[in-house]
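The following note sets out points for a colleague who wishes to read the model at the level of strands, helices and side chains. Please keep the sequence and the structure to hand while going through the points.

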Amino acid sequence: MKANYEAAVREHLIDLLEVDGMLAALVEMIPESEWLLIENLAVAPTFQRRGCARILLERAQETALALRLKGLRLFTNKLFESNVDLYLRYAFAIDREEPFMGGITVYMSKSLTA
């Protein structure tokens with residue numbers, strides 16, 4: 001992986017979710033001119049299927065509303081069907097799909113304006 005985590009911690013919004021004193025999940029967000037990009041949503045395997053992703057998606061939505069942004073956007077790999085299904089359950093829409101490095105990137109968004 002080529003991610004620069006030192007820069008991400010300085011420049012992005014990162015919320016951590018602890019459960020029973022253990023790091024369970026995190027969401028990394030990047031405010032843009034109109035949208036809040038969810039750059040990363042990760043849940044530790046031990047804590048999956050326990051509502052952690054829902055809590056952090058709600059936190060991202062609260063952050064976007066507080067920043068007066070239009071909504072949330074994210075992208076994921078189409079092979080991660082459970083991720084796509086999760087985001088669809090939380091009212092994200094598929095905007096488009098594009099080939100990327102032998103796979104397919106799914107671009108999704110959730111509008112927070114009427």
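1. Basis of the note. This is a predicted model, in which local features need pLDDT of at least 70 and side-chain atom pairs count only at pLDDT 80 or more, while totals for chains, interfaces and linings use all residues. Residues are numbered from 1 along each chain as its sequence is written, and side-chain values use heavy atoms, with hydrogens and water left out.

2. The sheet. An open sheet is formed by 6 strands in the order β1-β2-β3-β4-β6-β5, with mixed pairing. Because β1 (13-19) and β5 (93-100) stand at the edges with a single partner strand each, one side of each is left without a neighbour in the sheet. From one strand to the next, the twist averages 25°. Helices (H or I, at least four residues) and strands (E, at least two) are DSSP runs numbered from the N terminus, and two strands pair if DSSP finds at least two bridges between them. Strands of a sheet pair through backbone hydrogen bonds, either parallel or antiparallel.

3. Bridge partners. T105 in β6 is the bridge partner of N77, and T105 is also the bridge partner of E98. The pairing of β5 with β6 is antiparallel, over 7 bridges. Their hairpin has 2 residues between the strands, and M101 takes a positive phi near 45° there. Elsewhere, β2 and β3 pair in the antiparallel sense over 7 bridges; E28 has N40 in β3 as its bridge partner.

4. The helix on the sheet. Helix α2 lies across β1, β2, β3, β4 and β6 (103-111), and runs at about 160° to β3. Axes here are lines fitted to C-alpha atoms, for helices over the stretch in contact, with angles from 0 to 180 degrees between N-to-C directions. A53 is placed in helix α2 and counts as buried, at 15% relative accessibility. The terms are set as follows: buried is under 20% relative accessible area, exposed is over 50%, and partly exposed is in between (1.4 Å probe, protein chains only). With neighbours within four places in sequence left aside, A53 is in contact (heavy atoms within 4.5 Å) with L41, V43 and L86. The C-alpha atoms of A53 and F80 are separated by 15 Å, the two residues being 27 residues apart along the chain.

5. A buried threonine. Is T76 buried or exposed? T76, which lies in strand β4, is buried, with a relative accessible area of 10%. Leaving aside neighbours within four places in sequence, the contacts of T76 are N83, V84, I104, T105 and V106.

6. Salt bridges. A salt bridge is a side-chain nitrogen of Lys or Arg within 4 Å of a carboxyl oxygen of Asp or Glu; by this rule the count comes to 7 salt bridges. One of them joins K70 to E34, with the closest N and O atoms 2.5 Å apart. K70 lies in the loop between α2 (52-66) and β4 (71-77), and E34 in the loop between β2 (22-31) and β3 (35-43), so the pair ties together parts that are 36 residues apart in sequence. Both count as partly exposed, K70 at 35% relative accessibility and E34 at 38%.

7. Further charged pairs. R59 forms a salt bridge with E62, with 3.9 Å between the closest N and O atoms. Both residues lie in helix α2, 3 residues apart, about one turn of the helix. D15, R59 and E62 are linked in a network of salt bridges. R59 is partly exposed at 36% relative accessible area, as is E62 at 47%. R96 forms a salt bridge with E98, the closest N and O atoms being 2.7 Å apart; R96 is partly exposed at 40% relative accessibility, and E98 is partly exposed at 32%.

8. A nonpolar surface patch. V9, I14, L16 and L23 form a nonpolar patch on the surface, with about 370 Å² of accessible area together. Patches are made of residues with over 30% relative accessible area and no salt bridge, with like charges joined within 9 Å and nonpolar side chains (Val, Leu, Ile, Met, Phe, Trp, Tyr) within 5 Å. Accessible areas come from the Shrake-Rupley method with a 1.4 Å probe, and for residues only the protein chains shown count as cover. V9 lies in helix α1 (residues 5-11) and is exposed, with a relative accessible area of 59%.
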